[in-house]
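Please keep the model open beside them as you read.

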Amino acid sequence: MRRMLEVAADAGSSAAAAAANGAVDWWRDVNESPVWQDRIFHVLAALYGFVSAIALVQLIRIECRVPEYGWTTQKVFHFLNFLVNGVRSIVFVLRRNVQLIHPEILQHVLLDMPGLAFFTTYALLVLFWAEIYYQARAMSTDGLRPTFYWINAVIYAIQIILWMVLWWKPVRVMIILSKMFFAGVSLFAAFGFLLYGGRLFLMLQRFPVESKGRRKKLQEVGYVTTICFTCFLIRCVMMCLNAFDKAADLDVLNHPILNFFYYLLVEILPSALVLFILRKLPPKRGITQYHPIH
């Protein structure tokens, strides 16, 4: 009986090992297959194109609804979403060609610049919430917008300097430094959503008047804060892994599965969900007073 149990245990271990080896082999086969690489990158391109189209349609709907207010924060947010996702879509359609571009620094620019623009897009949402919070508490908002511009200018300037140094001296330590800087930017964005999204959520929660509009706004702020905080935190962790572990490198063709789940979780799904949650159009002029924040 004891011998039979030992044989059964050995058989079970062998089956588990075989299954694990099969999964590893499948992962490696997909990663190393040019056909699967192209399929996965084209799926990413299609998903980005879909999100870009949604943002463009929503932008057109908002412009038709309130054309007299010019470029409001809401319109700029949707335009940037259209731009970022559209560029990502084009890059993934041409992903194999992008890998052949020389000098190599141009590859880093094409792959990283949309990520910086993604940060700016959602930092704009943090700015919008900060302005609402400060206005509701009768505090001055004069310094918020200049601070937003300065933060973005400094981040883009540092990234451009890192690219130039990497072009001049393409050593491993500069690549690590660039990726860690991107991780820091993502952590900063996550903190911004937690700070101002959390403040606005708590303020709405303490609002004395119970209404359907208040409940919807509370849910909207809560959902968007959670989604954006999570996606930027995941991006931060992945950038740290990407910097030090070659197996987690996102800038190569032979990691298509990793690329698919990374971009799906940190950009495509968050963008699609936020656009869906913020789909409500501003009221028509004459029905209620609409105050755009310029």
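1. A salt bridge here is a side-chain nitrogen of Lys or Arg within 4 Å of a carboxyl oxygen of Asp or Glu. By that rule there are 6 salt bridges. Asp38 pairs with Arg96 in this way, and their closest N and O atoms are 3.0 Å apart. The two partners are 58 residues apart, with Asp38 in helix α2 (residues 34–65) and Arg96 in helix α4 (residues 95–98), and link distant parts of the chain.

2. A word on the ground rules. This is a predicted model, in which local features need pLDDT of at least 70, side-chain atom pairs count only at pLDDT 80 or more, and totals for chains, interfaces and linings use all residues. Residues are numbered from 1 along each chain as its sequence is written, and side-chain values use heavy atoms, with hydrogens and water left out.

3. The protein chain has 9 helices and 0 strands; these are DSSP runs (helices H or I, at least four residues; strands E, at least two), numbered from the N terminus. Of its 294 residues, 44% count as buried. Buried means under 20% relative accessible area, exposed over 50%, and partly exposed in between (1.4 Å probe, protein chains only).

4. Back to the charged pairs. Asp38 is partly exposed at 27% relative accessibility, and Arg96 is partly exposed at 29%. Glu131 and Arg145 also meet in a salt bridge, at 3.2 Å from N to O. Glu131 lies in helix α5 and Arg145 in helix α6, so this pair ties together parts that are 14 residues apart in sequence. Both Glu131 and Arg145 are buried.

5. Lys217 and Glu220 form a salt bridge with their closest N and O atoms 3.0 Å apart. Because they are 3 residues apart in helix α8, about one helical turn separates them. Lys217 is partly exposed at 38% relative accessible area, whereas Glu220 is buried at 17%.

6. Where is the empty space? Rolling a probe the size of a water molecule over the atoms shows where empty space is left. On a 1 Å grid over the protein atoms alone, a cavity is a set of points where a 1.4 Å probe fits but cannot get out, and a pocket is an open set with protein on both sides within 12 Å along at least five of seven lines; lining residues have an atom within 4 Å of a point. Grid points are joined across faces, edges and corners, and a volume is the space filled by probe spheres set on the points.

7. The count is 1 cavity of 30 Å³ or more, and the largest cavity holds about 190 Å³. Its lining has 19 residues, and Asp112, Lys179, Phe182, Met239 and Asp251 lie nearest its centre. By class, that lining has 9 nonpolar, 5 polar and 5 charged residues. Ala, Val, Leu, Ile, Met, Phe, Trp, Tyr, Cys and Pro count as nonpolar, Asp, Glu, Lys and Arg as charged, and the others, Gly among them, as polar.

8. The second largest pocket holds about 340 Å³. It is lined by 19 residues, with Val126, Ile151, Phe188, Gly192 and Tyr196 closest to its centre. Helix α7 gives the largest share of this lining, 7 residues. The lining has 16 nonpolar, 3 polar and no charged residues.

9. Pro270 is buried, with a relative accessible area of 4%. Its C-alpha atom is 9.0 Å from that of Thr230, 40 residues apart along the chain.
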